[in-house]
Amino acid sequence: MSAFIVRRLLLAIPTLFGVLVVAFLLLYVAPGDPVMAMVGERADEETIARLRAELRLDDPLPVQFGHYVAGIAKGDLGRSYITNRPIRRDIIERFPKTLQLAGAAMLLATICGVTLGVLSARRPGGWIDRFGLGVAYLGISFPVYWVGLLLILLFAVTLHWLPPSGFGGARYLALPALALGMRSIAFLARMTRSAMLDSLGADYVRTARAKGLHDSAVVGRHALRNALIPIITVLGLDFGAYLTGSILTETIFSWPGIGRYVVNAIARRDLPAIQGSVLFLSAVFVLVNLLTDLAYAKADPRVTYA
Amino acid sequence: MRRSIAPLVLALGLACGGGGGGTDRRTLVDSRDNYDPRSLDPALSTDVPTGRAVGYLFDGLTRFTPDARVEPGLATSWDVSPDGATNTFHLRRGVTFTDGTPFVARQVLASWQRVLDPKVRGGRGWPLYPVRGAKEFADGKATSIAGLSAPNDSTVVVTLKEPFAIFPKLLAMPVASIAPESVPANFGERPVGTGPWRLIEWKHDDYLLFAPNRSYWGGAPKADSLKARIIAEPSTAVAEFQSGTVDVLQLPQSEIRDWEEDSERRKLLASTPSLELVYVAINTTRGPLADVRVRQALNYAIDRSIIVRNLIAGRGELASGVIPSSLPGAEKTRVGYQFDTLRARQLLREAGHPNGIDLELWTSTNPIYVRVAETLQAYLQLSGIRVKVVQRESAAAREAARKGKTDLFIKDWYADYPDAENFLYPLLHSANKGVGGNVSYYSNPQFDSLVSAARREPDEAKRVAMYTAADRIAFRDAPMIFLWFYSELYAIQPWIRGFVPPVIFNGQPWTTVTTTAAAHQPAR
């Protein structure tokens, strides 16, 4: 197992290096110049030339890239062109907030989605099943920004139960977590239902029932455990996605996370900030995938990574 | 591995939050910033959120009132030499920074030097370029700024390259604010100024919290604190306002009609005269657009009043020149180009394009401008002008226009200071082609000499007359499709007293604004 982890972590290095190259080249070919963003609406050629020189933007591309990689190797993500703050600090400040939001959304999705899926599978065609189907349709069809605004209108503007947006405690977390988690709730509910239907029809479930096991033990310990693999897959993928890209949710709910940071950086062509966050988020994604794979082994003893 | 499956446990900081935004109603809450300020260092002030916050924390030698008059700030008065090139500023005495350091003339010199210092990477030196030697210093060709001196602690003498009568107006811009003589590396996060407010905390992408500077020379702010929230999504800002959690809202265009038609909500609205010009820059060097008749045809081909009424809820005053009617120099009697497709077609024929022309109209992805672009496209089609709309993300679109790669480009221009010069010179003077702001690449020697002469002219009446003459030329030459001056609409909570929407973005320091906390029930 530990050999597997080490191998995966080593493999992550070329992956991240590839990400670095692609991100660097994409920014180079994309139109838009960081210096243009720095100088604002009114400028002059000399200032622009001077800033370009100051930021070493006129160096040959391989030199710029080498310079950047050398910094990374020393653990230095550089400073933002625009704000002059260290990128590392910006990320450290914002990522925990994104983690909090993504975590809450996943928790919500796991609790609601899996419960709904299990209950649906126990009585296919029953009212819970049909309700679950409705929830799944809505959750998958409604875009997150629309759901987000509706939630704000209902719970903040009309009912005054929760604050409309901003960062703070659980009261601020509830709406964005729900908006973000909607899609996962829907997917998990459907995924859990079909996986459960498969395993509930399997021989070992019949055996368990024949042994006289209580229904909850049959469903919970035998059927659900065997249905876990696809559930973990969905959880892992969604969690990775939420950690790296809950941009819309963060924007609508004024959540000061990493998604908005990246969007701002892109709008201002803040190259070090974009590259630094892309690299960091890729590392996060690789890590989540690794954890997902390890969770497979936990869930299913037949999966081994010897 | 025998135990049951470990659930996906996440350490969530779900500390139950009781307070937070909006419950402490002695705090004034602003919702206008939609992205995080770049820094709180005046030398880095190139965008609106930064400029606004810098305006709370710092003072310039002059400052704007909410209705865009220029009044004394850290300078109580100034004299101009007979040749108009030397400005002597007499500084306010007894002013201290919030860390207790007394304000003296040296700090003025040091602050402006920092703005121009290449190493600071501010990128916005132009308000100080009129100072003799400033550009040379910024370009690294001089080690000090020749035109700046401080004969004593309360006097600053500024020698300009050439007379520039409106120079004191430029000093009210955030970038010209006065900071301490030497600043630490993290000054952008830990600013120390002489302004009406001091920074309590800055939660990036979340909010900035300010407390009154009790010893402010201009009278300490009356409220307990001021919170500038950063709300990226306009619809969210509206919801915050409706929940009573923010006090002041800049109403998005999409909301205006609903609010104006609602008898309750319309009572909360307040409007400002506009110093924002929305126009379509016509690149006067590209193909058929070099012909003035073609450019006039473009102006005749569209019905602006319909567009203003239907796309921006009537909030635009039709432009017939680049000077807003609220500024001296605007020729108010001039009638703009009227919608007349026959005239447009005739002008095109005269210019040798009986079969029409093909153009590209560039726009950012701003939804309002995209809609304007599509509407213009339909109108222009009626006169035989076939337009392809090119949408690009705003930085990319702006860069293309600056490099002269766009035929037509929809853009706006906000005044930095209230003077016709701030429209005529950057937008249309040939010295500013491209990155300077003249993306029409317009060049007319007669216009240039009038604007240059106006900049040097000390007599206000003569100066204004030259502005008017220059604007008349620009109108005739049509280096742009003159669209409208947009007038901002604000919504202000009924419990807020004393908030006057500012004409210039940094013209409202909130010092006299109060909140009557008992007047409402905040959302809990």
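B:Asp477 lies in helix H14 (residues 460–477) of chain B; helices are DSSP runs of H or I, at least four residues, and strands are E runs of at least two, numbered from the N terminus. The model is predicted: local features need pLDDT of at least 70, side-chain atom pairs count only at pLDDT 80 or more, and totals for chains, interfaces and linings use all residues. Residues are numbered from 1 along each chain as its sequence is written, chains are lettered from A in the order in which they are written, and side-chain values use heavy atoms, without hydrogens and water.

B:Asp477 counts as buried because its relative accessibility is 10% (buried is under 20%, exposed over 50%, partly exposed in between; 1.4 Å probe, protein chains only). Contact means heavy atoms within 4.5 Å. Leaving out residues up to four places away in sequence, B:Asp477 touches B:Val292, B:Arg295, B:Tyr442 and B:Asn444.

Two side-chain pairs:

| Pair | Type | Distance |
|---|---|---|
| B:Asp477 and B:Tyr442 | polar contact | 2.6 Å |
| A:Glu46 and B:Lys135 | salt bridge | 3.2 Å, N to O |

A salt bridge puts a side-chain nitrogen of Lys or Arg within 4 Å of a carboxyl oxygen of Asp or Glu. Between chain B and chain A there are eleven. On the chain B side, helix H3 (134–138) and strand S10 (225–230) are among the elements that each supply at least two residues touching chain A.

In total, 68 residues of chain B are in contact with 65 residues of chain A. The buried area is about 5700 Å², with 52% from carbon and sulfur atoms; this is the accessible area (1.4 Å probe) that two parts lose on being put together, summed over both.

Key
A polar contact is a pair of N or O atoms within 3.5 Å; within protein, one must be able to donate a hydrogen and the other to accept it, and residues adjacent in sequence count only if both atoms are side-chain atoms.
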